[in-house]
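This report is meant to be read alongside the sequence and the model. It moves from the overall make-up to individual contacts.

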Amino acid sequence: MTPQDFLADRFQGHRPHLKAVAYRMLGSLSEAEDAVQEAWLRLVRSDSGDIDNLGGWLTTVVGRVCLDMLRARKARREESLEGRLPDPVISSADAADPEQEVLLADSVGLALLVVLESLTPAERLAFVLHDMFGLPFEQIAPIVDRTPATAKKLASRARLRVRGAAPNPDP
C-alpha cells in the first residue's frame with residue numbers, strides 16, 4: 001500500500017464526521033460534500049507527516065472552509081438558504097447500523113438548521129463544534145480566529161438565539 005493510499009483510507013474513515021460538520025454548518029449536502037472535498041485537496045497538498053491528530057486537523061480545515069463558504073454567500077449576496085429548507089437526508093427507517101441512525105438524526109435536525117441560519121458564521125461554527133461535537137473552546141478559538149473566551153461567548157449567544165431567548169438583531 002502506498003503512502004497516498006494509506007492517507008486516503010484514513011481520510012475515508014473521517015469522511016462521515018467531516019460531512020456531518022459541514023452539513024450542519026452549510027445546510028446543503030452538495031456544499032457539504034464540496035467542503036469535504038476541499039479538505040481532501042488541502043490534505044494532499046500539505047505535508048501530512050507533520051499532522052499528529054488527523055481528525056482534529058481535518059475538522060479544523062472543514063470548519064474554516066465552511067466559514068469561507070458562508071462568508072462568500074454574504075459577500076456575493078447569494079440567495080439565502082432562509083427561503084428554503086435544508087437538503088433532507090433520506091434514510092430507511094428500519095436501518096439498524098449506526099450510520100443510518102446518524103442520517104436519521106440529521107434529517108430530524110432540519111428544524112435546527114433553519115434556526116442556525118439566523119446565526120453569524122462564527123457563532124454557527126462555535127455552536128456546532130462545541131455543542132454538537134464536543135470540541136473544547138481552546139480548539140475552536142483558532143478556527144474562528146478569536147480567543148477561547150470570545151469563542152465561548154459566540155457559542156453562548158448562539159445558544160440563546162437557538163432557544164429563542166434573544167432575537168436576531170435587525171441590520
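## Basis of the model

This is a predicted model, in which local features need pLDDT of at least 70 and side-chain atom pairs count only at pLDDT 80 or more, while totals for chains, interfaces and linings use all residues. Residues are numbered from 1 along each chain as its sequence is written, and side-chain values use heavy atoms, with hydrogens and water left out.

## Overall make-up

The protein chain has 8 helices and 0 strands, where helices (H or I, at least four residues) and strands (E, at least two) are DSSP runs numbered from the N terminus. Of the 171 residues in the protein chain, 37% are buried; here buried means under 20% relative accessible area, exposed means over 50%, and partly exposed lies in between, with a 1.4 Å probe and protein chains only. Among contacts in the protein chain with a separation of 6 or more, 63% are between residues 24 or more positions apart, a contact being heavy atoms within 4.5 Å.

## Packing of α1 against α2

Helix α1 (residues 3-26) packs with helix α2 (residues 29-45) at an angle of about 145 degrees, and their axes are 8 Å apart. The axes are lines fitted to C-alpha atoms, for helices over the stretch in contact, and angles run from 0 to 180 degrees between N-to-C directions. The residues that make this contact include L7, F11, L18 and Y23 of α1 and V36, A39, W40 and L43 of α2. By type, the contact residues divide into 15 nonpolar, 2 polar and 4 charged, with Ala, Val, Leu, Ile, Met, Phe, Trp, Tyr, Cys and Pro counted as nonpolar, Asp, Glu, Lys and Arg as charged, and the others, Gly among them, as polar.

The partners, F11 in helix α1 and W40 in helix α2, are 29 residues apart. F11 is buried because its relative accessible area is 1%, and W40, at 17%, is buried as well.

## The nonpolar core

The largest nonpolar core has 41 residues, and L43 and I140 have the most contacts inside it; such a core is a set of buried Ala, Val, Leu, Ile, Met, Phe, Trp, Tyr and Cys residues joined through side-chain atoms within 4.5 Å. Two or more residues come from each of α1, α2, α3, α6 (121-132), α7 (137-143) and α8 (148-163). Leaving aside neighbours within four places in sequence, I140 is in contact with A126, L129, H130, L135 and A151.

L58 is placed in helix α3 (residues 54-75) and is buried, with a relative accessible area of 0%. Beyond its neighbours within four places in sequence, L58 is in contact with F11, H14, L18, A39 and L43.

## Around α7 and α8

D145 is in the loop between α7 and α8, where this residue has a positive phi of about 55 degrees although it is not a glycine. D145 counts as exposed because its relative accessibility is 64%.

P148, in helix α8, is partly exposed at a relative accessible area of 37%. Not counting residues up to four places away in sequence, P148 touches F137, E138 and A141, and the C-alpha atoms of P148 and E138 are 5.1 Å apart.
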